[in-house]
Amino acid sequence: MTTLAMPPTPLRSQARATRTTSVVAGLRDTSSAGERQRPVDELIEANLAMARSMAARYRNRGIDLEDLQQVALVGLTKAAQRFDASAGHDFLSYAVPTIRGELRRHFRDAGWMIRVPRRVQDLQARIQRAQPVLEAHLGRSPRATEVAAHLEADLDDVIEALAASGCFRPTSIDSPTGNGTDTIADLLGWDDTALASVEARLVLGTAVSTLSEREQRILQWRFVDEHTQQEIAELVGLTQAQVSRILTRVLARLRAGLSEPVPAA
């Protein structure tokens, strides 16, 4: 079960900052890799909640929160291991960009449901940053031509990146369609009962094609146009009895043809 990060409070933030400062001071006094490992571990432990909180900001974007938290902890670990306490810098000013970079890299490399070229991914990230700026300036959503001009990018490349936006997080079929009741799944295809008879109709069509033109016309008139045998007899210049015998003979041939096994291709 996913453990959500507790919301930061002034007391928690102050306690974390105090502990981090103390650990960083201890790091400055270490002289070997063996001595350094323990304060590095303490630095990671002191800032676990901060890393989880950063991961939570990226939730509901197509990747499980648990995975995001693991990525954030990897970023925190890298920051703690690489941090140079002797430089006099604040640890969080180094750790936060490192964790954010790991999260964004994970989205870039693992968050795409359909793989698209890296250049398209990078351009889409630029477009996402530019759109709020253009919307504020224009008072509306920017057109592709305006985005391309703002980024000094090729229009075709911008259109390709915009078209690829659905590859990152496809819309769920359980999403509402806008009328408040139906979902996308409700509007998808339904069972087509006619599909069950497709093969039979194809086989029957092949068998009928072997009949003479007159026999095919008689079948059409009797079973499609629903003429009586007497009406058909008048159409072809035969007696009703002759039409009956023709139908009996034709149906027997069709049954025999349909009952024979189909040879393997």
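Helices (H or I, at least four residues) and strands (E, at least two) are DSSP runs, numbered from the N terminus. The views below show a predicted model, in which local features need pLDDT of at least 70 and side-chain atom pairs count only at pLDDT 80 or more, whereas totals for chains, interfaces and linings use all residues. Residues are numbered from 1 along each chain as its sequence is written, and side-chain values use heavy atoms, with hydrogens and water left out.

View 1. Read from the N terminus on, the elements follow the order α-α-α-α-α-α-α-α-α-α-α-α. Of the 265 residues, 26% count as buried, where buried means under 20% relative accessible area, exposed means over 50%, and partly exposed lies in between (1.4 Å probe, protein chains only). The chain exposes about 17,600 Å², of which carbon and sulfur atoms supply 53%; such accessible areas come from the Shrake-Rupley method with a 1.4 Å probe, and for residues only the protein chains shown count as cover.

**View 2. The largest nonpolar core has 26 residues.** A nonpolar core is a set of buried Ala, Val, Leu, Ile, Met, Phe, Trp, Tyr and Cys residues joined through side-chain atoms within 4.5 Å. The residues with the most contacts inside this core are Leu43, Leu68, Leu76, Phe91, Ile99 and Leu103. At least two core residues come from each of helix H1 (10-28), helix H2 (33-46), helix H3 (48-56), helix H4 (65-82) and helix H5 (91-110), and H4 gives the most, with seven residues. In soluble globular proteins, nonpolar side chains tend to be buried together.

**View 3. Phe91 and the residues around it are shown.** Leaving aside neighbours within four places in sequence, Phe91 is in contact (heavy atoms within 4.5 Å) with Thr20, Val24, Leu43, Asn47, Leu76, Ala79, Ala80 and Phe83. A second, separate core of 12 residues includes Ala207, Leu219, Trp221 and Leu247.

**View 4. Helix H10 (residues 213-224) and helix H11 (residues 229-236) cross at roughly 150°, with their axes coming within 10 Å.** The axes are lines fitted to C-alpha atoms, for helices over the stretch in contact, and angles run from 0 to 180 degrees between N-to-C directions. The contact is made by Ile218, Trp221 and Arg222 of H10 together with Gln229, Ile232, Leu235 and Val236 of H11.

**View 5. The loop between H10 and H11 contains Glu226 and His227.** Although Glu226 is not a glycine, its phi is positive, at about 60°, and at 64% relative accessibility Glu226 counts as exposed. His227, by comparison, is partly exposed, with a relative accessible area of 26%. Leaving aside neighbours within four places in sequence, His227 is in contact with Trp221, Arg222, Ile232 and Leu235.

**View 6. Glu152 is found in the loop between helix H7 (144-151) and helix H8 (155-163), and Asp157 lies in helix H8.** Glu152 has a phi near 55°, a positive value in a residue other than glycine, and is exposed, with a relative accessible area of 76%. Asp157 is partly exposed, with a relative accessible area of 32%. Asp157 and Val120 are 37 residues apart in sequence, and in space they are 7.5 Å apart, C-alpha to C-alpha. Leaving aside neighbours within four places in sequence, Asp157 is in contact with Arg119 and Leu123.
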